[in-house]
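Biologist: I would like to learn how to read the features of a structure like this one, taking them slowly and in order. Could you show me the model and then begin with its interior?

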Amino acid sequence: MSAVSGLQIPQEMADAMLAQARAEYPNEACGVIIGREGKAERLKPMFNAAASPTFYEFDPKDLLALYREVDDNDEEIIVIYHSHTETEAYPSRTDISYASEPGAHYVLVSTREEIAPATEFRSYRIINSVVTEEPVEFIR
Amino acid sequence: MSATVEVRIPTILRPFTKEQKLVSATGADLAAVIADLEAQYPGLADRLLENGVLRRFINVYINDEDVRFIGSLTAQLKSGDSITILPAVAGG
């Protein structure tokens, strides 16, 4: 996995993620960014099979297809993202308990309206239930 | 009849398999394969099962099929089948 600390993400991917989160409101939106050698290359929105304002889950069939695709292309999942609809962009207890990709950046975006969008995009490592926030650099 | 199958291990469980991504196991059904995996890699079964059933947030596939639709632990196996284990990507 990448030795670079923090997440570097193209601005347009971050914008697309926030737009998806707003479009799927009031349900949580989710997806991944796929790339190589730690570099974010393509955004892949995923269907939230839970269709819930408080929960997200990739559809199991989509999940298998995703991992096959990534494996076949010698790629990796760089970012796993989802939205929080009414709470801050910080991992919930369930986010922490289900986090199972120690190499991925877990990105949270929040669609709650009272906070400016710039403060609503945050990234974390979640390893063995330990959450570590990391800096995010938006690349233009 | 016992079948020999290959099992794809997700990153999070590779500490149990000496970091191997692909391992081999035998068994006539999924329960038997998990028992064989546990014999080879102690501790692995507990990460897959809870109270004797597959954990809610662990997905297991035989070839392209989610085992929940083909009998879960009683899903039958034949030699050459490919099992993939993937933790759910989920949260709140």
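Modeller: A nonpolar core is a set of buried Ala, Val, Leu, Ile, Met, Phe, Trp, Tyr and Cys residues joined through C-beta atoms within 7 Å. A residue is buried if 20 or more other C-beta atoms lie within 10 Å of its own, exposed if 12 or fewer, and partly exposed in between, with the C-beta atoms placed from the backbone. This is a predicted model, in which local features need pLDDT of at least 70 and side-chain atom pairs count only at pLDDT 80 or more, while totals for chains, interfaces and linings use all residues. Residues are numbered from 1 along each chain as its sequence is written, and chains are lettered from A and ligands numbered from 1 in the order in which they are written.

Biologist: How many residues does the largest nonpolar core have, and which have the most contacts inside it?

Modeller: In general, nonpolar side chains tend to be buried together in soluble globular proteins. Here the largest nonpolar core has 35 residues, and A:Val79, A:Tyr106 and A:Val109 have the most contacts inside it. Helices (H or I, at least four residues) and strands (E, at least two) are DSSP runs, numbered from the N terminus; the elements of chain A that each supply at least two residues of this core include α1 (11-24), α2 (60-72), β2 (30-36) and β5 (76-84). Apart from this core lies another, of 19 residues, with B:Ala25, B:Leu30, B:Ile62 and B:Val67 among them.

Biologist: Which residues does A:Val79 touch?

Modeller: Two residues are in contact if their C-beta atoms, placed from the backbone, lie within 7 Å. Not counting residues up to four places away in sequence, A:Val79 touches A:Leu7, A:Val32, A:Ile33, A:Ala40, A:Ala104, A:His105 and A:Val107.

Biologist: How should I read the sheet of chain A, and what is the order of its six strands?

Modeller: Strands of a sheet pair through backbone hydrogen bonds, either parallel or antiparallel, and two strands are said to pair if DSSP finds at least two bridges between them. In chain A, an open sheet of six strands with mixed pairing has the order β3-β2-β5-β6-β7-β8. Its edge strands are β3 and β8 (130-134) of chain A, each of which pairs on one side only. Axes are lines fitted to C-alpha atoms, for helices over the stretch in contact, and angles run from 0 to 180 degrees between N-to-C directions; the twist averages 30° from one strand to the next.

Biologist: In which sense do β2(A) and β3(A) pair, and in which sense do β5(A) and β6(A)?

Modeller: β2(A) and β3(A) pair in the antiparallel sense over seven bridges, and they form a hairpin with two residues between them, where A:Glu37 in the turn has a positive phi of about 50°. A:Gly35 stands opposite A:Ala40 in β3(A) and also opposite A:Glu76 in β5(A), as β2(A) and β5(A) pair in the antiparallel sense over six bridges. β5(A) and β6(A), by contrast, pair in the parallel sense over six bridges, with A:Val107 in β6(A) as the bridge partner of A:Tyr81.

Biologist: What is the order of the five strands in the open sheet of chain B, and which stand at the edges?

Modeller: The order is β2-β1-β7-β5-β6 (chain B), again with mixed pairing. β2 (22-27) and β6 (65-66) of chain B stand at the edges with a single partner strand each, so one side of each is left without a neighbour in the sheet. Three bridges join β1 (residues 3-8) of chain B to β7(B), which run parallel, and B:Glu6 stands opposite B:Ser82 in β7(B). From the other chain, α2(A) packs on this sheet, touching β5, β6 and β7 of chain B, and its direction makes about 110° with that of β7(B).

Biologist: How many residues of chain B are in contact with chain A?

Modeller: 15 residues of chain B are in contact with 20 residues of chain A. The largest share of the side of chain B that touches chain A, three residues, comes from β7(B).

Biologist: Is B:Val89 buried or exposed?

Modeller: B:Val89 counts as buried because it has 28 C-beta neighbours inside 10 Å. B:Val89 lies in the loop between β7 and β8 of chain B and, leaving aside its neighbours within four places in sequence, is in contact with A:Phe58, A:Leu63 and A:Ile80.
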